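Here is a short briefing for a first look. Please keep the sequence and the 3D view at hand while reading.

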Amino acid sequence: MAVPKGKISKARGRKGRTHWKLSLPGIVKCPRCQQMKLNHRVCKHCGYYDGKQVIVMDDDKKKKKEKEA
């Protein structure tokens with residue numbers, strides 16, 4: 001079994017955890033209603049995904065969301 005030759009200091013051991021960044025979520029326009037939505041998710045505004053209606057949206061919800069935007 002491999003064993004380290006000497007003790008690794010706290011600073012040296014923690015250096016490996018410093019080089020990372022948060023990535024932004026993929027936001028794209030919905031091809032149907034042109035609202036911004038997350039990639040590979042159902043559109044919250046029109047209820048469509050991949051050209052098919054997945055969620056039936058009420059007209060009241062659509063109107064409210066369009067007024068807010």
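In what order do the elements of the chain run from the N terminus on? The order is α-β-β-β-β-α. That comes to two helices and four strands. The model is a predicted one.

**The chain overall**
- The chain has 69 residues, and buried residues make up 10% of them.
- Its accessible surface comes to about 7,000 Å². Carbon and sulfur atoms hold 54% of that surface.
- Take the contacts in the chain with a separation of 6 or more: residues 24 or more positions apart account for 2% of these.

**K37, a buried lysine**
- K37 sits in strand β2, which covers residues 36-38.
- K37 is buried, yet it has no salt bridge.
- Which side chain of opposite charge is nearest to K37? It is D50, 8.9 Å away. A salt bridge needs a side-chain nitrogen of Lys or Arg within 4 Å of a carboxyl oxygen of Asp or Glu, so D50 does not qualify as a partner for K37.
- The side chain of K37 does reach a backbone oxygen, that of R41, at 3.1 Å.
- Residues up to four places away in sequence aside, K37 touches G26, I27, V28, C30 and C43.

- I27 belongs to strand β1, residues 27-29. I27 is also among the residues that K37 touches.
- Is I27 buried or partly exposed? The relative accessibility of I27 is 48%, so I27 counts as partly exposed.
- Together with M36 and L38, I27 makes a nonpolar surface patch. The patch covers about 280 Å².

**C33 in the loop**
- Where does C33 lie? Its place is the loop between β1 and β2.
- C33 has a relative accessible area of 27%, and it is therefore partly exposed.
- Setting aside neighbours within four places in sequence, C33 is in contact with C43, H45 and C46. C43 is also among the residues that K37 touches.
- How far apart are the C-alpha atoms of C33 and G47? They are separated by 9.8 Å, and the two residues are 14 residues apart along the chain.

**To take away**
- K37 is buried without a salt bridge, and its side chain reaches the backbone oxygen of R41.

Key
Residues numbered from 1 in each chain as written. Predicted model: local features only at pLDDT ≥ 70, side-chain atom pairs only at ≥ 80, totals over all residues. Heavy atoms only, no water. Buried < 20%, exposed > 50% of the residue type's maximum accessible area, 1.4 Å probe, protein only. Contact = heavy atoms within 4.5 Å. Areas by Shrake-Rupley, 256 points an atom, 1.4 Å probe, with all protein chains shown as cover. Lys, Arg positive; Asp, Glu negative; His and termini not counted. Polar contact = N/O pair within 3.5 Å; in protein donor to acceptor, adjacent residues only side chain to side chain. Patch = residues over 30% accessible without salt bridge, like charges linked within 9 Å, V, L, I, M, F, W, Y side chains within 5 Å.
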